[in-house]
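Here is a friendly walk through the strands and cores of this structure. Keep the 3D view open beside the text as you read.

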Amino acid sequence: MSDLSARFSPSRREVLRGIGLVAGGAAMYRAMTALGVTRGSKYTGPVDLSGAPRGASVLVLGAGLAGMTAAYELRNAGYRVQVLEYNARPGGRNWTLRGGDTYTELGGERQHCEFDKGLYLNPGPWRIPYHHENLLHYCRELGVALEPFVQVNYNAYLHSPAAFGGKPQRYRSYKADYQGMVAEQLAKVVGQGALDKEFDKQDREMLLESLREWGYLDGQLRYTRNDGTSDTRGYDKDPGGGLSGKPVWSQPLSAKDVLNSQLWHALPIGDVYEFQTTLFQPVGGMGRIGEAFGRELGDLIRYNAKVTRIVQDEHGVSAHYEDAAHPGVTRQVRADWCLCTIPLSILGQIPMNVGSAMADAISAVSYAASVKIGLQFKRRFWEEDERIYGGITYTDLPIFTIGYPSTDFFSRGKGVLLGAYTWGASAFQFTAMSPAERVREAVRQGSQIHPQYANEFENGIAVAWHRVPFAMGCFGEWSDELRAKHYDNLCQIDGRIALAGEHASYLPAWQEGAITSALDAIGRLHQRAVAGAKS
Amino acid sequence: MKRTARCGIIAAMLLAASAHAQSPAADEAVLPPAVLAHASGEQIFQHICQGCHMPDARGATGAGTYPALAKDANLESAAFAAATVLSGRRDMPAFGPRTDLQGFEAMLHVDLDDAQIAAVVNYIRSHFGNHYADTLSAADVAALHPPTPHKP
Ligand SMILES: Cc1cc2nc3c(=O)[nH]c(=O)nc-3n(C[C@H](O)[C@H](O)[C@H](O)COP(=O)(O)OP(=O)(O)OC[C@H]3O[C@@H](n4cnc5c(N)ncnc54)[C@H](O)[C@@H]3O)c2cc1C
């Protein structure tokens, strides 16, 4: 819907495409301005920004997805836009660590990513639900190639050191056994007349019929070892052809073991709206989205600019900033309006003259702990030995998660696993370790699930979000009560300043939340700017 | 399990919140909940606080700052330090009870009891170049609880 090319006459479009191909988006934009295409042409982006006052300017703080979405749309609508960004790169939490990258966390520990070419870790976002339409819209518009992200893998594991002697269980088998157990027990009580009041005879027959199908029950409504259950939970020997092809059925787990193992906690994860098939990931790493936005915005973004103070008066907003690499000298920029997307974890420490309602809202939210660790192995043993192609193993070890790459299946070379993805008390404790200790610990724990770790591990990199210099936390931790008290005050425009970002959304810790909050905020800023220009 | 789904990083907590508690072995690098619940002031500092305030409590600065707790004049007031740990302030999480949190959010929260908060405050006030002689008790911390037991 906001495909720029639809708005030009063919000849000009051709000229511009040529410029865009050769010189990239920023040059193309300058050319567009020169050709008179942007100013005055009808803006057709995802929010109504038509009729931007001539010469009106907006200062955007932060070049994460919220800030860059805002800058992109405001620029396209004809505003003069400047972006200040602390990092030397665009994207913020949208970020990929690849072989050759270095990363210095708070406290000064520097890690060199030693992954092979093409291998990467997404330390932050890694998956995109199919219904995150605004994010997917920008991927299409900016030419970011997407591929499927495997969330549920029936052949990955559920694991607890306290269950089944620590032996990981295939999701497929455990899920079938759990359903079989529930179906068999429910069928039993229906047979005993326990639901005679709720359901008439026909209803009960229907229920039993559905339980037979859902729980893979036999003719006597029992969940037993047979071809039907093996064709769900898996065989001891898969069916094949010829004389050697006779399958060997597998033995279901006992109902009591299924229950008491508590692995059922992890069964519904893939049923959650955000985790339902199909999910996507950018080819080459999530950071491709931020990189594409950065290319598009070009020198509208000033990098290494650490904002230290934000001052508004009745005519505009000034931001004071210093060179992040060489602090000391303070500079200022000024615009009519300001959209600030700096995470609250940091914004709470930056002096800014807003009213107490917004200031209290900023102070009310602390940030969750989370740690991700990428581990490179000499070979893709999870595929070669265990037939696990993408997806996630869940464990109640402190690493919580082992994520298998959703790309490059069957490739012969090395591979990188997400060796830990953890929260809460476990994440606080991983954060308190040195990066080398975190990696060591992830390898030690993970080898309880994949003994191949011992021989195949090569190197790793660990990102603890409270130690990330530009974020100081994973995401804004709202409760219903905090939201009721502060959320509207956080999002309300204060004078000439509006806030946006993941923290200003009902989608915490999703990129879609950051993007939709930016679109919402610039729509409201635009209305003020238009109203102000008319008065 | 309210709204566990709303969050980009949900998931294994459904599993981990409960089951890790029953893991048999006390894990050295990551204290299991049952061990963390009885951790000393020094252990709490090393396993939790130093994640942000750094191992030698010198703090750190990037786009924002974690204040140093080493040679920290603000620690003169034990009550100020304890209230900060109990109720949090801005990006400093509350470690006291948070009854407003449910499901996933509750699992993200680390709950220290009054005796532990006293112990960790006593620890930082007597280490890292701080030499405050007075100490706090659990009862002193109990008296600091806000009327509503979580952040405003
Ligand atoms: C571990 C983890 C997993 C996640 N998983 C997913 C997922 O699978 N899918 C998904 O969609 N989302 C996921 N998210 C959430 C997603 O990353 C965020 O919601 C989104 O990237 C936030 O964008 P933002 O623009 O609001 O903030 P940010 O990306 O944080 O942007 C803020 C910008 O402000 C800059 N800044 C900070 N301080 C200053 C300063 N003083 N001066 C100037 N600039 C400053 C920062 O450098 C940064 O570039 C995950 C996040 C994390 C941490």
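This is a predicted model: local features need pLDDT of at least 70, side-chain atom pairs count only at pLDDT 80 or more; totals for chains, interfaces and linings use all residues.

A residue counts as buried when its relative accessible area is under 20%.

**A strand enclosed on both faces**

Strand 17 of chain A covers residues 370–377, and eight of its eight residues are buried, so the strand is largely enclosed by the rest of the structure. In a regular strand the side chains alternate between the two faces of the sheet. Here, one side carries Ser370(A), Lys372(A), Gly374(A) and Gln376(A), while Val371(A), Ile373(A), Leu375(A) and Phe377(A) lie on the other, and both sets are buried.

Strand 17 of chain A also has antiparallel partners. With strand 20 of chain A it forms eight bridges, and Ser370(A) sits opposite Trp423(A) of strand 20. With strand 21 of chain A it forms seven bridges, and there Gln376(A) faces Asn459(A).

**Strand pairs at a glance**

Strands of a sheet pair through backbone hydrogen bonds, either parallel or antiparallel.

| Strand pair (chain A) | Sense | Bridges |
|---|---|---|
| Strand 1 (residues 57–61) and strand 2 (residues 80–84) | parallel | five bridges |
| Strand 14 (residues 317–323) and strand 15 (residues 330–335) | antiparallel | six bridges |
| Strand 17 and strand 20 (residues 415–423) | antiparallel | eight bridges |
| Strand 17 and strand 21 (residues 457–464) | antiparallel | seven bridges |

Glu322(A) has Thr330(A) of strand 15 as its bridge partner.

**The nonpolar cores**

In soluble globular proteins, nonpolar side chains tend to be buried together. Which residues have the most contacts inside the largest nonpolar core? They are Leu61(A), Leu84(A), Ile310(A), Leu347(A) and Leu499(A), in a core of 84 residues. Apart from that core lies another, of 54 residues, including Ile402(A), Leu417(A), Val439(A) and Ala78(B).

Leaving aside residues up to four places away in sequence, Leu84(A) touches several residues, among them Leu59(A), Leu61(A), Arg302(A), Ala319(A), Tyr321(A) and Val333(A).

How values were computed:
Residues are numbered from 1 along each chain as its sequence is written. Chains are lettered from A and ligands numbered from 1 in the order in which they are written. Side-chain values use heavy atoms; hydrogens and water are left out. Two strands pair if DSSP finds at least two bridges between them. Helices (H or I, at least four residues) and strands (E, at least two) are DSSP runs, numbered from the N terminus. A nonpolar core is a set of buried Ala, Val, Leu, Ile, Met, Phe, Trp, Tyr and Cys residues joined through side-chain atoms within 4.5 Å. Buried means under 20% relative accessible area, exposed over 50%, partly exposed in between (1.4 Å probe, protein chains only). Contact means heavy atoms within 4.5 Å.
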